[in-house]
Each structure stands twice: as structure tokens, then as C-alpha cells.
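These are my notebook entries on a structure I looked through chain by chain. I began with the order of the elements and then turned to overall dimensions, contacts and packing.

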Amino acid sequence: MTIAVRVEDKLFQNRYLVDAGRPHITVAVHEKPSANLMALTTICPAKCYELNEKGQVDVTPDGCMECGTCRVLCEASGEITWNYPRGGYGVLYKFG
Amino acid sequence: MIEEKFDAIVVGAGMAGNAAAYTMASRGLKVLQLERGEYPGSKNVQGAIMYASMLEKIIPDFREDAPLERHLVEQRFWMMDDKSHTGMHYRSEDFNEDKPNRYTIVRAQFDKWFSRKCRDMGVTLLTETTVTELIQNDQGKVLGVKTDRKGGAVFADVVVLAEGINGLLGPRSGLRTSPKPETVALAVKEMHFLPAETIESRFNVKGDEGVVIEMVGTFSKGMTGLGFLYTNKESISVGLGCLVSDFAETRESPYAMLEGFKNHPSIAPLLEGSECKEYAAHLIPEGGYKEIPQLFGDGWVVVGDAAHFNNAIHREGSNLAMTSGRLAGEAIHRIKAARDPMTKEHLKLYKQLLDDSFLMKDLKKYKDMPGLLHTNSSNFFLSYPQLVSQAAQNFLRVDGTSKLEKEKRTSRAFIEKRSRIGLISDAVRLAFAWR
């Protein structure tokens, strides 16, 4: 059984305070994404990573839940930089 | 931002941070606690089950006003294939006691309560404050922290790092390494709301009684993973988690897996008609004893998830967080009371207290389990659940096949899938890792 899922419908439930213009994650310039960077396009639980038309990976961390999966996979190699959002910004769990 | 110097700064207001802050403040220490969320709990995620005896050691009368959901009277373990589950249930009236042992909680609410208790004890809490850096001298001694507030340096005799599994300060200051993909699980979870009466009738409970279901099976697609479903007062927490290294290899989407899990014929009826109000994701430490980092140094200690304290086999995390926070607080108080400096030599008392507690003993007992389960994931999480389901169905379905032939069929299926040697080796390795 295949179930179509739009992560947007899930993230829509959550509260965020987005720090506009100050993304807390950035992807380093690259020609071709590594296996781990490529994996983020499907395994990021908020689907923040997407493949652009040039075959490179972009990040839009507005829906980020700050889990750290991408940091664990791609920070050490320098493919991404990862910092916490400024105090008070980012995801705000009502229940957690 | 704050001119005065503190006895201790606690970074983070989760279970470990609150336990440490409360323990120190209640013994008269001047404590500053920094939390990057809007309120304590706003960045925290847990299943969540809270174990009473570890909280009792900190706040003995917590039951009077803590926001508890349901006390657990029934535990179910399910082994699932795509259409079935084979279960082991344990339910006992003994769990309906004056002071129940386990409760479900909702972390954002619980953490707000715990934090209020800390402030009542005199802890100074600053929220919406991200600690950006540890201030260290040339010898590496931690002197204080820098924050993202204006003029945000603040100093203390000791810094308690309760920054969680995804904490940045420790790794970036060289105090420990960042978690590795094979030692952390990514868990996703949803909060589904239903009227209390519906939950009570669906789970055959009354009043504040609650049920826990924990599952392994084909829903994790051969990855090392666990599913869970916990009853709260008027909601159900449902989710699953798998190792990050397995996710990277399979490239499975966690939210699609969660959707499939929720639609499993054994789970869907339990959630029917519910309203989902939140979707959360978090990392869980899974490396066990072997991944515990250096726990103390000149001017610092690390507690909770940041110290990789989680018993993955018994699914205990927050009680280890509370216990490590409490023991760190007790050690710091004792050093302070003796008027000794917060050096590595003195702070090793924290590690000694941990070694004498159930926390280190339990983690040591299971030190080989992560290695076993993480390298044999397709057997333990895919093949065995399928085989067990087939065996159960073969046993139960009456179709004119002789019982002897049925038994042969079942054992043949196991041998074909795993071979005799494989079965024996799995059993022996499991037994050794368990002892």
C-alpha cells in the first residue's frame, strides 16, 4: 500500500517563529551532492532539503524541527553549516 | 547582560537541566539557567513516559501538582508484519497503587511545571537565550558562557551542559564529539486528540489508567527501529524511530513511514476519528555505554542526552537525564560546601556518584546490545517479525493440515530464512548481550 503524504500538511500543525532572512542552516556550494547530502532530500523529517534544477541540494529551514539529523550526517564533511536559531525563534512545541 | 557571578550556570531546561538546577538551588547555590526556547519545553520532545522514583528523589511530593497524564497499568509489546501483530501484553491491578510507578506525560506541559519548581527554589531562568559559546581560559577551564543576548557573557564556577543530544557547545569546545549517524535514532511523532472516554473504551481502561504499546516489525523496513503508542489523558502519542545511519542508507522518508504505521490495520482503529495537533522530530541517543563521553572537566560537567545517557533496551531516557542532573547537582553542592574549587579533580565526584547508581550499572549491562541490534537489523526487525507472524497464523488457522506438518512448516520457514547456524548464532549473541 502506498500512501501519498504531504509533509506540509503535518508541519502546518506546528508553531514556528521564523527568523526571516537568517536561516540557521546553509548548504555549501557544490557541484554534485554527496550520498549523504542527497539522502537529506528524502530523510529530513521536515523536507527542508530539495534538489534544484541544476541537480544541487538547497535548504529552506523554515519548517525545521531542529532534530539534527542533517547535522549528524553532513556537518563534519563541511557540506552544511548548522546553528541553533536565535533565542526564541524556530519551532515552538505546544506538546513536545 | 548579568554582572553578578553565579555558583553554577545550567545550559538547557529539559529533564537533566531542571533536575540539576533544582538540586543545586534547593541546597542554597546561586544558579542561572539558560534556555533557548520561548518557554521551557518548547524545544523538547519525548514519547513520553516518566518514571516516578527518579523524580521522587528530587521532588518527593510531585504528584500533588505535576501535570501527569495517565499512570500505566498495561504494557504491550508487538511484533508486526504488514497486516498482523503478535503481542505480549502485561496488565496488573498492582499498578493501580497509591504512588504509581510510571506515568505518561506531555513534555511541554511537564517541563513548564518542573521549571516553575526550579524558580520557586530560587533559580534565575532566562528563556529565548541561546548560548553560543563556552568561555574558556588558556588551559581549557570553563569560566562561563556567551549568549546571543546583548553583552551576553556571564560567569560561574561551573557550567552544567544539559544541552540535549543535538547540543553544539560541548562538541564545538572539544569537550566531546558530535553523535555519529550509527549511534543516534531519528524519531518522529504525532499528537492525536480524542475524548478521554473514547481512549478509555478503546484501550479498556478507566479513570487515569493508561496503556503503552511498543512495536518492532516490518514498518521499519529492515532498519533498526521501534514504534510506540502511548495513551495520554485526552490524546495519543504515536511515532517511530530508526537509526540515522539506516535512514541514510535506505533513504526512506520518516513521515511516509509514520503515515504507513498509523494506517496499519492493528493501529488505525485505535486512532480513528482523532485530530492531529502536532508533528515533532527529535534524535535519541542509541549508542549506549560505549558512547558515553568524558563527563567532567575543569569547570564543567555534562548530563542527560548530551552525555548519551539512554537505555535503548528499556526505553529509559528521561529518568537517566533526571538522575544524572541530580547527581551532578549533588556533587557540585558537596564540592562547594567543602570550599573546594570546581576542578576536574574534584568534579570527578559526579562520575563516582554515577558509577555507584543504577544508571551506569544498567548501561554497562547492555553495552553489547546496540552493536548486535544495529548490525543485524534486517534479521531482528524484518525477518523475525515476518516469521513469527507466519508461525502464529499457521498455528491458529485450522485447514485440515496435520499438526505435525504445520510444525515442520514453521521450523522449515525459520531455517530457510536464517539457516540453523544463523538461528543459533542470533540466539547465543542475544543471550550474551543481555546478561
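Entry 1, chain A, order of elements. I read the elements of chain A from the N terminus as α-β-β-α-β-β-α-β-β. The tally I noted for chain A is three helices and six strands. I record here that the model is a predicted one.

Along the principal axes, I noted a box of roughly 40 × 40 × 25 Å for the C-alpha atoms of chain A. Of the 96 residues in chain A, 41% are buried. I also took the contacts of chain A between residues at least 6 apart in sequence, and 68% of these join residues at least 24 apart.

I located His24(A) in the loop that runs between strand S1 (15–17) and strand S2 (25–27) of chain A. Is His24(A) buried or partly exposed? I counted 18 C-beta neighbours inside 10 Å, so His24(A) is classed as partly exposed; a buried residue would need 20 or more. I then looked for partners of His24(A) beyond four places in sequence and found that it touches Pro61(A), Asn83(A), Tyr84(A) and Pro85(A). I also noted Trp82(A), which lies 58 residues from His24(A) along the chain, with 6.1 Å between the two C-alpha atoms.

How many residues does each chain bring to the contact? I found 32 residues from chain A and 45 residues from chain B. On the chain A side, helix H1 (7–11), helix H2 (35–43) and helix H3 (69–74) each supply at least two residues. I sorted the residues of this side of chain A into 17 nonpolar, nine polar and six charged.

I noted 15 helices and 17 strands in chain B. The C-alpha trace of chain B spans about 85 × 50 × 40 Å along its principal axes. I found 51% of the 435 residues of chain B to be buried. For contacts in chain B with a separation of 6 or more, 73% come from residues 24 or more positions apart.

I listed domain 1 (6–68 + 105–177 + 293–366), domain 2 (182–285) and domain 3 (370–434) as the divisions of chain B. Taken over C-alpha atoms, the centres of domain 1 of chain B and domain 3 of chain B are 43 Å apart.

I looked up how helix H9 (residues 318–337) of chain B packs on helix H10 (residues 344–355) of chain B: the angle is about 140° and the axes are 9 Å apart. The crossing of H9(B) past H10(B) is right-handed. From H9(B), I listed Ser324(B), Leu327(B), Ala328(B), Glu330(B), Ala331(B), Arg334(B) and Ile335(B) as meeting H10(B). The residues they meet in H10(B) are His346(B), Leu347(B), Leu349(B), Tyr350(B), Leu353(B) and Leu354(B). I sorted the residues of this contact of H9(B) with H10(B) into nine nonpolar, two polar and two charged.

Key: Residues numbered from 1 in each chain as written. Chains lettered and ligands numbered in written order. Predicted model: local features only at pLDDT ≥ 70, side-chain atom pairs only at ≥ 80, totals over all residues. Domains from an automatic or database assignment. Axes fitted to C-alpha atoms, helices over the stretch in contact; angles between N-to-C directions. Helix = DSSP H or I, 4+ residues; strand = E, 2+ residues; numbered from the N terminus. Left-handed = near helix turned anticlockwise from the far one by under 90°. Contact = placed C-beta atoms within 7 Å. Nonpolar A, V, L, I, M, F, W, Y, C, P; charged D, E, K, R; others polar. Buried ≥ 20, exposed ≤ 12 C-beta atoms within 10 Å, placed from the backbone.
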